[in-house]
Amino acid sequence: MPAEEKLPHYSDDLSKPFRLDTSTTYVDGGSGDRYWRDYLQLQCFPIDRFAPDWPAKPDAFSGGLAAYAVALQELAATVLELVAEGLGLDKSFFLGELIGGGTLMNVNWYPPCPDPSLTMGLVPHCDRPLLTVLSQGDVSGLQAKHRGRWIDVHPVPNAFVINLGHLMEIVTNGLLHSVEHRAVTNSSAARLSVVSIIMPEMDSRIEPLPALVSEEKPPKFRPFLFREFNEAYTAAAANREDVLRLFMIHPSDTIGSQN
Ligand SMILES: O=C(O)CCC(=O)C(=O)O
Ligand SMILES: [Fe+2]
């Protein structure tokens, strides 16, 4: 699309249902760091509620997005049913309000960067919800932290990456860990990634699931409303430990290492 058609949509206002932006809106400790990323952010589910706000151009955009958003929701529900079964819980355990807050989509565009040693595409962070679904095209750039080291998560053709987010760590009382990840740049190829963030309802009460708490495994996190978490997440620049500590019952405890 020509720049003049895109320009009116540029905004840092997180409440907008559709916006274009660069870098990131995380506060990032006041460092002022900027990231090598343009992105389009939109609310994509439920479709009836958000489609009127989607851009009218290009022509095929709305139809394609609607089909993708529905399929995505089904995929996320299936993965969550499998996770619940794997934990010995009823398979509908994570469905309902924990994924009922709509789906937010980031379409990230990382142009080739003349000197990738100077900046990253996206700051290290954990995603907010139970899980996010990421399509990363065919150019590498995603890295995940594994035992204290950053490892490349190379694209697998026709496969999605599922990232577990903070809420999964909290509701499972630390049994499953949120994965810290970042995007690095490269000097030769542009990279496109599409991240679907399956949000809980803002007023849903989040706490370790009673089924996963016992005398031997007391709750590590206090109850809170997702709305409170959402504000704290942006203010803490999405830093994994800073965010989790705000909701821990004993903030001085060690936070489980990521595996
Ligand atoms: O571009 C990527 O691979 C990661 C994007 C991401 O983590 C996000 O938008 O939350
Ligand atoms: Fe992410």
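In this predicted model, the charged end of Arg37 sits over the ring of Tyr39, at 3.7 Å from the ring's centre.

**Strand 2 and its partners**

Strand 2 pairs with strand 1 (residues 18-22) in the antiparallel sense, over five bridges. In this pairing, Phe18 stands opposite Leu42 of strand 2. Strand 2 also pairs with strand 3 (residues 103-110), again in the antiparallel sense, over seven bridges. Here Asp38 stands opposite Trp109 of strand 3. As a general point, side chains in a regular strand alternate between the two faces of the sheet.

An unreviewed UniProt entry carries the annotation "domain: Fe2OG dioxygenase" for residues 101-200. In the model, that span is 6% helix and 41% strand, and its end C-alpha atoms lie 4 Å apart.

Which residues are found around ligand 1? They are Asn106, Asn108, Tyr110, Leu122, His125, Asp127, Leu134, Leu142, His181, Arg191, Ser193 and Val195. The table gives distances between an oxygen atom of ligand 1 and a polar side-chain atom for residues including Asn108, Tyr110 and Asp127.

| Residue | Atom of ligand 1 | Distance |
|---|---|---|
| Asn108 | oxygen | 3.2 Å |
| Tyr110 | oxygen | 2.7 Å |
| Asp127 | oxygen | 3.3 Å |

Thr185 is located in the loop between strand 9 (181-183) and strand 10 (191-198). The side chain of Thr185 reaches the backbone oxygen of Thr119 at a distance of 3.3 Å.

**A position in helix 3**

Val83 belongs to helix 3, which comprises residues 61-86. Because its relative accessibility is 18%, Val83 counts as buried. Val83 and Phe94 are 11 residues apart along the chain, and a distance of 8.8 Å separates their C-alpha atoms.

**The aromatic cluster**

A pair of aromatic rings is described by the distance of the centres and the angle of the planes. Rings pair if their centres lie within 6.5 Å, and planes under 30 degrees apart count as stacked. By this rule, the model contains six aromatic pairs. One of them is formed by Phe224 and Phe229: the ring centres are 5.9 Å apart and the planes meet at 20 degrees, so this pair is stacked. The pair formed by Phe226 and Phe229 is also stacked, with 5.8 Å from centre to centre and 25 degrees between the planes.

Where do Phe226 and Phe229 lie? Both belong to helix 5 (residues 226-235), where they are three residues apart, about one turn of the helix.

Phe224 and Phe229 are both buried. For Phe229, the relative accessibility is 0%, so the residue counts as buried. Phe226 likewise has a relative accessible area of 0% and is buried. Together with Tyr233 and Phe247, the residues Phe224, Phe226 and Phe229 form one aromatic cluster.

Definitions and conventions
Residues numbered from 1 in each chain as written. Chains lettered and ligands numbered in written order. Predicted model: local features only at pLDDT ≥ 70, side-chain atom pairs only at ≥ 80, totals over all residues. Heavy atoms only, no water. Phe/Tyr/Trp six-rings, centres within 6.5 Å; stacked < 30°, edge-to-face > 60°. Buried < 20%, exposed > 50% of the residue type's maximum accessible area, 1.4 Å probe, protein only. Helix = DSSP H or I, 4+ residues; strand = E, 2+ residues; numbered from the N terminus. Lys NZ or Arg CZ within 6 Å of the ring centre and 35° of its normal. Pairing = 2+ DSSP bridges. UniProt positions renumbered as here; feature names shortened; annotations may be inferred. Near = heavy atom within 4 Å. Polar contact = N/O pair within 3.5 Å; in protein donor to acceptor, adjacent residues only side chain to side chain.
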